[in-house]
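Please have the structure open while reading.

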Amino acid sequence: MNGASFGLARGEVLGVLGESGSGKSTLAKALMRLLPKGAQISKGVIQFEDQNLLALTEGEMDRIRGGQLSFISQDPGPSLSPVMRAGDQIAEVIHAHRDSDWDRCRAEASSLLDRVHLSSRSRRMYKAYPHQLSGGQQQRVVIAQALACKPSLIIADEPTASLDSSTAGEILELFRELKQERRMSLLLITHDPTILRGLADRVAVMYGGRIVEIAPLSQVYNRPRHPYVRALLDCVPAPTANRTTAPHTRLRTIAGSSPDPGRLAEGCSFSPRCPERVETCETRSPVSVEVERESCVECFLYGG
Amino acid sequence: MAGEAHRVGAGVGPLLSVRGLTLEYAQRRVFATERTETLALRDISFDLESGKTLLLFGTSGSGKSSLARCLVLLERPREGQILYKGEDLLSLGRKALKSARREIHLIFQDSGLSLNPRFTVEELIAEPLVIHKALESQREIDKRIRTVLNQVELGQGFLERRPSELSGGQRQRVAIARAIVLRPTLLILDEALSALDLSTEGQIANLLLDLQEQYSLAYLYVTHDLRLAGVMAHEVAEIRDGRIVRQDMPTIVLTANLQPVS
């Protein structure tokens, strides 16, 4: 990842869109300060509320993680303990951060289960172990955990990627409700442009470890500027395609493959696949340019 | 609808004809004295013709993968017939079965798990030819491997690579190469496009469409995702709780299933 800069306002939903290897998950881990050994943040500032996260000690960071800053991963399975009841796993988060009274923690965990639409009237959901829950139900438990301490920012890394399309729709609907009801900021990371519609206020598109375009959602989707973003959005299959009447229809694709993050070439990393490349693209890296209010693009076509 | 057969396209006899397939999983719980039986598939029937694609749509737990596994005899159904070119695979002898197996292949979602990590791409593609003793001489084998590698749009430079040195899309291309190297008639694609990035997914889908046109391949495309139904499929069958509950043109199933998200 290289030189990513962006801000996120209170109550705002920022979608981070990128394909595998684009650096989107690395970005999430960097923000949580959970990068694997060997990776380190060599430069930069992460200003969260009134403090720089990079200047905090591990102990101070632990209090923030799960407190004001929560994380939801793609696969809920590994983030839940297999030997603990779902409700208790939520209560545990509250106990660790906010409240030492177990009864109150449990009561609050029940109401959180209600909030994520896992009705606890019969306490069946509260008492269930993760293996007794479906993937969608597990993801709801993880979301309830993330909400437990009323965080001001949730980072969700592909929260619907391991779910069926109908279950994924329900989880996205839940995020939409939560966005309206709490003034909570959400950083939603995904490879699928369709799930950000109706949810994200702004979208940052990543390629080769850089944010190549960041703008309000309507700008990115209706008037994409960066050649990669235009090509990527063209890849979304048309719902009206009909094989019986048009048998030779093919999908739009981007020629070539995504760059290997370990071996990025000189210049703009999209240049080998870019139909609009000029000579400069192969030797120099473009810088981010504000082409319109709140819309930034990293491409020589726009003066980068 | 179950029990009654539906046809994909029209023409001479179907390549694959499934009749009344019923599969059950028996399990004995710890400390339980009786076995519990779960019906994974109930009375499944459909036809599939050469050159056509039937998309089998269902959510997780619907039985769609059980059906895919049944068709390649990784599961033994309790009842029913799997008629391939008019012959029931479930009652074929070993020798006849082996020749049918040459023509039917299964491609999974994550080829990373189904490709032997110690083999090179060349060895991986050669393996089915060797197992089935499909070609006489080493020269023919080499020639076939190179042809197939070109067909899946991987250059000769990939011959020496191992799966760990390939991207997800490249691994899926190798899995397709392994499947088509024996010149099959039917490919079962079990979520074969689901783990890929958007721009790669289109490349692999187009490759499958091109190969289908060229060899008149039949595809049974098993997925939980209808986004590619219009481009890929001639017909969609929806499976729920082990039954086919609906079978129709993609456009009609799509209108019924795609509730607007926002």
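## Chain B overall

In chain B, 44% of the 262 residues are buried (20 or more other C-beta atoms within 10 Å of a residue's own, C-beta atoms being placed from the backbone). This is a predicted model: local features need pLDDT of at least 70, side-chain atom pairs count only at pLDDT 80 or more, and totals for chains, interfaces and linings use all residues. Residues are numbered from 1 along each chain as its sequence is written, while chains are lettered from A and ligands numbered from 1 in the order in which they are written.

A compact globule of 262 residues would have a radius of gyration near 18 Å (over C-alpha atoms; 2.2 Å times the number of residues to the power 0.38). Chain B has 19 Å, which agrees. Chain B holds 9 helices and 10 strands (DSSP runs: H or I of at least four residues, E of at least two).

## The sheet in chain A

Strands E1 (residues 13-17) and E7 (residues 202-207) of chain A run parallel, joined by 4 bridges. A:Leu14 stands opposite A:Arg202 in E7(A).

## Where A meets B

The contact (C-beta atoms, placed from the backbone, within 7 Å) takes 30 residues from chain A and 29 residues from chain B. On the chain A side, helix H8 (residues 165-181) gives the most, with 4 residues.

Technical notes
Contact = placed C-beta atoms within 7 Å. Pairing = 2+ DSSP bridges. Buried ≥ 20, exposed ≤ 12 C-beta atoms within 10 Å, placed from the backbone.
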